[in-house]
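Subject: Structure for you to look at

Hello,

Here is the structure we talked about. Please open it and keep it beside you while you read the notes that follow.

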Amino acid sequence: MTTPTGNAGALSLGPGRLYAAPLGTALPADLGTALDPAFKPIGYTEEGSEFSYELSSDPVEVAELDPVFYRTTGRNGTVTFAMAENTVRNLTLAFNGGTVTRTQSGAVKYEPPEPGSEVRRVLVFDSEDGEERWVYPQVFQGGSVSMARKKGADKATVPVEFRLEKPALGGSPFYAFYDDSRDGGSGVTAPTKP
């Protein structure tokens, strides 16, 4: 029996850290460079985050054969997580902006934005081991926000589903940096179109 080979050092573990910044903030250009000070940590999450990406395609068919090829018709990406820190700042992320004011007593008042005046953000995920960085240059929180209040040790969370958009300034809806040790093989390159 042959023992399978692999690289345990290439496994991704842990929830990592999420950061958000206003749209237009300088994007990281490498894995090791410090984030722009405009990036603020999102804080604790309920169960980490999940990135999902779907490519839609339709078959191009002819009467004589099975589909001869598939044509890409769209793509859709999301970053979802539930913020465990119930703060006004996190409400501004969940509701795409809004108005924040201080009352005479020092309390903080939050009001959601009017439809059409929502703001986009930039998200960054850094892995715990420092070997991955995912950048989402333009996102819009389009998921349902439902905050449950329960008895005991159950905490209220603020769930979000950030949807990836084509950046207004051009470029991809996401990109990722990996440490050189995680390239997956000597001389790895992306496949090219024939």
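Is V68 buried, partly exposed or exposed? The model is a predicted one, and in it V68 has a relative accessible area of 41%. Buried would need under 20% and exposed over 50%, so V68 counts as partly exposed.

V68 sits in strand β4. Together with V62, L65 and F69, V68 forms a nonpolar patch on the surface. The accessible area of these four residues together is about 340 Å². Strand β4, which covers residues 65-83, supplies the largest share of the patch, namely three residues.

Next, the pairing of strand β1. Strand β1 (residues 17-22) runs antiparallel to strand β7 (residues 121-126), and six bridges join them.

The last topic is the aromatic rings. How many aromatic pairs are there? The count comes to ten. One of them is made by Y53 and F174, with 5.3 Å from centre to centre and 70 degrees between the planes, an edge-to-face arrangement. Y53 belongs to strand β3 (residues 45-62), while F174 is in the loop between β9 (158-164) and β10 (175-178), so this pair ties together parts that lie 121 residues apart in sequence. Y53 is partly exposed at 35% relative accessible area, and F174 is also partly exposed, at 23%.

Another pair is W134 with Y178: the ring centres are 6.3 Å apart and the planes stand at 75 degrees, so this pair is edge-to-face. This pair, too, links distant parts of the chain, with W134 in strand β8 (residues 132-141) and Y178 in strand β10, 44 residues apart. W134 has a relative accessible area of 15%. The limit for buried is under 20%, so W134 is buried. Y178, with 39%, is partly exposed.

Which residues make up the aromatic cluster? Y53, F174, W134 and Y178 are among them, and F51 and Y136 complete the cluster.

Regards

Conventions. Residues are numbered from 1 along each chain as its sequence is written. This is a predicted model: local features need pLDDT of at least 70, side-chain atom pairs count only at pLDDT 80 or more; totals for chains, interfaces and linings use all residues. Side-chain values use heavy atoms; hydrogens and water are left out. Patches are made of residues with over 30% relative accessible area and no salt bridge: like charges are joined within 9 Å, nonpolar side chains (Val, Leu, Ile, Met, Phe, Trp, Tyr) within 5 Å. Accessible areas come from the Shrake-Rupley method with a 1.4 Å probe; for residues, only the protein chains shown count as cover. A salt bridge is a side-chain nitrogen of Lys or Arg within 4 Å of a carboxyl oxygen of Asp or Glu. Helices (H or I, at least four residues) and strands (E, at least two) are DSSP runs, numbered from the N terminus. Buried means under 20% relative accessible area, exposed over 50%, partly exposed in between (1.4 Å probe, protein chains only). Two strands pair if DSSP finds at least two bridges between them. Rings of Phe, Tyr and Trp (its six-membered ring) pair if their centres lie within 6.5 Å; planes under 30 degrees apart count as stacked, over 60 as edge-to-face and the rest as tilted.
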